[in-house]
Amino acid sequence: MRQSFGETRSAFHRRHALISADSHERVTLPHWPDCGLVHLITPALGAEFTLFLVTAETDAEIGPQKAGVERFVLRREGRVSVEIEGGEAETVGEEGYVYLPADCAHRLRLDEGAVVLVLERNYCALADTPAPGPTLNAIPAHTAQPMKGDDRLMLQKLLPEVAGFDMEINVMDFAPGASLPYVETHFMEHGLVLLNGGGIYRLENEWYPVDAGDAIWMGPYCPQWFGAIGRRKARYLIYKNWNRDPLG
């Protein structure tokens, strides 16, 4: 990684941001004991959610999030387990994840060196609709489907498409040379992390080379487009607020 003369690929604008590993800053927080955190996206950017990396500096046990907040945890490295509402501890496997609804009692356990990606947001309830329950699953368990009929662009939806959920978290897999079919512009916001490969991301009128480990925030109505380049597939995890009227 080149890091000289004050250089970084990170960039911050009113409606979008690119956060590359060369500008990561690790912090500690009381409610994540024995862990180092790198906050990729927070409300300070203008986002309505947080997205952050957690590395266990020793064996760590983490309690539930604040009241009213839902939590999504993706295992990236090391041994991770979760105990939900007093049940038996369950292992979060390879590319495994757990969705923990607001006010769900649980304990996360991270062995020393384990790394997880965490997304948290205030849950937006829907009248007369039960809130979702917890979900423990893994990315490979989901059958990939072509996006808009293009088998070079495959989509995996990680959360159930039911009224109780107020967000989507998906994985998008691009064959070399594949791209989004058009420039998207919409009222939802996104948080994104490149899992594999790389390419070019257009955000508003800026064009960014992106690589594995990069994170992107896209605010509402930020024009956005991605194309994969190179000889390898590009794959990213992407969040968006979903399933709720923009009037609230």
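How many bridges join β2 to strand β19 (residues 215-218), and which way do the two strands run? There are 4 bridges, and β2 and β19 run antiparallel. Keep in mind that this is a predicted model.

- On one hand, β2 pairs with strand β1 (residues 11-12): 2 bridges join them, and the strands run antiparallel.
- The chain gets from β1 to β2 by way of a hairpin, using 3 residues.
- Leu-18 is a handy residue to look for, with Ala-11 standing opposite.
- Leu-18 also has a bridge partner in β19, namely Ile-216.

**Aromatic pairs**

- To describe two aromatic rings together, you give the distance of their centres and the angle of their planes.
- Searching the whole structure turns up 10 aromatic pairs.
- One of them is Phe-174 with Tyr-236, a tilted pair with 5.3 Å centre to centre and 45° between the planes.
- This pair ties together distant parts of the chain: Phe-174 belongs to strand β15 (residues 167-174) and Tyr-236 to strand β21 (residues 234-241), 62 residues apart.
- Phe-174 and Tyr-236 are both buried.
- Tyr-201 and Phe-226 make another tilted pair, at 5.2 Å centre to centre and 35° between the planes.
- Here, too, distant parts of the chain are linked, with Tyr-201 in strand β17 (residues 198-203) and Phe-226 in strand β20 (residues 224-228), 25 residues apart.
- Why does Tyr-201 count as buried? The cut-off is under 20% relative accessible area, and Tyr-201 counts as buried because its value is 1%.
- Phe-226 has a relative accessible area of 0%, so this residue is buried as well.

**The cavity**

- If you roll a probe the size of a water molecule over the atoms, you find out where empty space is left.
- The count here comes to 1 cavity of 30 Å³ or more.
- The largest cavity has a volume of about 60 Å³.
- Residues lining the largest cavity include Leu-51, Phe-72, Ile-169, Gly-191 and Tyr-239.
- The elements giving two or more residues to that lining are β11 (115-122), β16 (190-196) and β21.
- Sorted by class, the lining of the largest cavity has 10 nonpolar residues, 1 polar residue and no charged ones.

**Arg-152**

- You'll find Arg-152 in strand β14 (residues 150-157).
- Is Arg-152 buried, exposed or partly exposed? Arg-152 counts as partly exposed because its relative accessibility is 41%, and that class lies between 20% and 50%.
- Leaving out residues up to four places away in sequence, Arg-152 touches Asp-173, Phe-174, Ala-175, Gly-177 and Ala-178.
- Asp-173 is 21 residues from Arg-152 along the chain, and their C-alpha atoms are separated by 7.9 Å.

Definitions and conventions. Residues numbered from 1 in each chain as written. Predicted model: local features only at pLDDT ≥ 70, side-chain atom pairs only at ≥ 80, totals over all residues. Heavy atoms only, no water. Phe/Tyr/Trp six-rings, centres within 6.5 Å; stacked < 30°, edge-to-face > 60°. Buried < 20%, exposed > 50% of the residue type's maximum accessible area, 1.4 Å probe, protein only. 1 Å grid on protein atoms, 1.4 Å probe; cavity = no way out; pocket = protein on both sides within 12 Å on 5 of 7 lines; lining within 4 Å. Points joined across faces, edges and corners; volume = space filled by probe spheres on them. Nonpolar A, V, L, I, M, F, W, Y, C, P; charged D, E, K, R; others polar. Pairing = 2+ DSSP bridges. Contact = heavy atoms within 4.5 Å.
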